[in-house]
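Here are my comments on the structure, as numbered points. Please keep the sequence and the coordinates open while reading.

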Amino acid sequence: MRPGAWPQAAVPFTEGAFLVLYTDGLIERRNEDIDTGLDRLAASLTRHHGAGAEVLADALPADLLPPTGADDDTALVIVPL
């Protein structure tokens, strides 16, 4: 790849879709494979399919963060598309 060139892609989104951005603190756990956290995220998003952004903003941390609290900084941004 030449200097300054970045890969690009175009992905169509359906009406009502969201872009969910998050830091690793939402899904990663010490002594656990990253895929386990990604699977938890996918399951939570599937469970809350059709919910609005505000519902997702409350539901995802409730589903994904450990009951004892996060070990890492956590940020979540949900963008309606």
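Is Leu-81 buried, exposed or partly exposed?

1. Leu-81 counts as partly exposed, because its relative accessibility is 45%. For these classes, buried means under 20% relative accessible area, exposed means over 50%, and partly exposed lies in between, with a 1.4 Å probe and protein chains only. Leu-81 sits in the segment after strand S2 (76-80). Apart from neighbours within four places in sequence, Leu-81 is in contact with Phe-13, Gly-16, Ala-17, Phe-18 and Leu-19; contact means heavy atoms within 4.5 Å. Leu-19 is 62 residues from Leu-81 in sequence, yet their C-alpha atoms are 6.8 Å apart in space.

2. On the basis of these comments: this is a predicted model, in which local features need pLDDT of at least 70 and side-chain atom pairs count only at pLDDT 80 or more, while totals for chains, interfaces and linings use all residues. Residues are numbered from 1 along each chain as its sequence is written, and side-chain values use heavy atoms, with hydrogens and water left out.

3. Secondary structure. The chain has 2 helices and 2 strands, arranged along the sequence as β-α-α-β. Helices (H or I, at least four residues) and strands (E, at least two) are DSSP runs, numbered from the N terminus.

4. Overall dimensions. The radius of gyration of the chain is 15 Å, whereas a compact globule of 81 residues would have one near 12 Å. The radius is taken over C-alpha atoms, and the globule rule is 2.2 Å times the number of residues to the power 0.38. The C-alpha trace spans about 45 × 30 × 20 Å along its principal axes. Of the 81 residues, 21% are buried. Among contacts with a separation of 6 or more, 60% are between residues 24 or more positions apart.

5. The core. The largest nonpolar core has 8 residues: Val-20, Leu-26, Ile-27, Leu-41, Leu-56, Leu-60, Leu-64 and Ile-78. Helix H2 (residues 53-64) gives the most to this core, with 3 residues. A nonpolar core here is a set of buried Ala, Val, Leu, Ile, Met, Phe, Trp, Tyr and Cys residues joined through side-chain atoms within 4.5 Å. Leaving aside neighbours within four places in sequence, Leu-64 is in contact with Leu-26, Arg-29, Arg-40, Leu-41 and Ser-44.

6. The loop between S1 and H1. Arg-30 lies in this loop, between strand S1 (18-22) and helix H1 (34-47). Arg-30 counts as exposed because its relative accessibility is 64%. Most residues other than glycine have a negative phi.

7. The loop between H1 and H2. Ala-51 belongs to this loop. Setting aside neighbours within four places in sequence, Ala-51 is in contact with Phe-18 and Leu-56. Ala-51 and Gly-16 are 35 residues apart in sequence, with their C-alpha atoms 9.5 Å apart in space.

8. The segment before S1. Pro-3 is found here, and it counts as exposed because its relative accessibility is 80%. The C-alpha atoms of Pro-3 and Thr-23 are separated by 28 Å, the two being 20 residues apart along the chain.

9. Charge. The chain has 5 positive and 13 negative charges, and their mean positions are 4 Å apart. Lys and Arg count as positive and Asp and Glu as negative, while His and the chain ends are not counted. The place of a charge is NZ of Lys, CZ of Arg, CG of Asp or CD of Glu.
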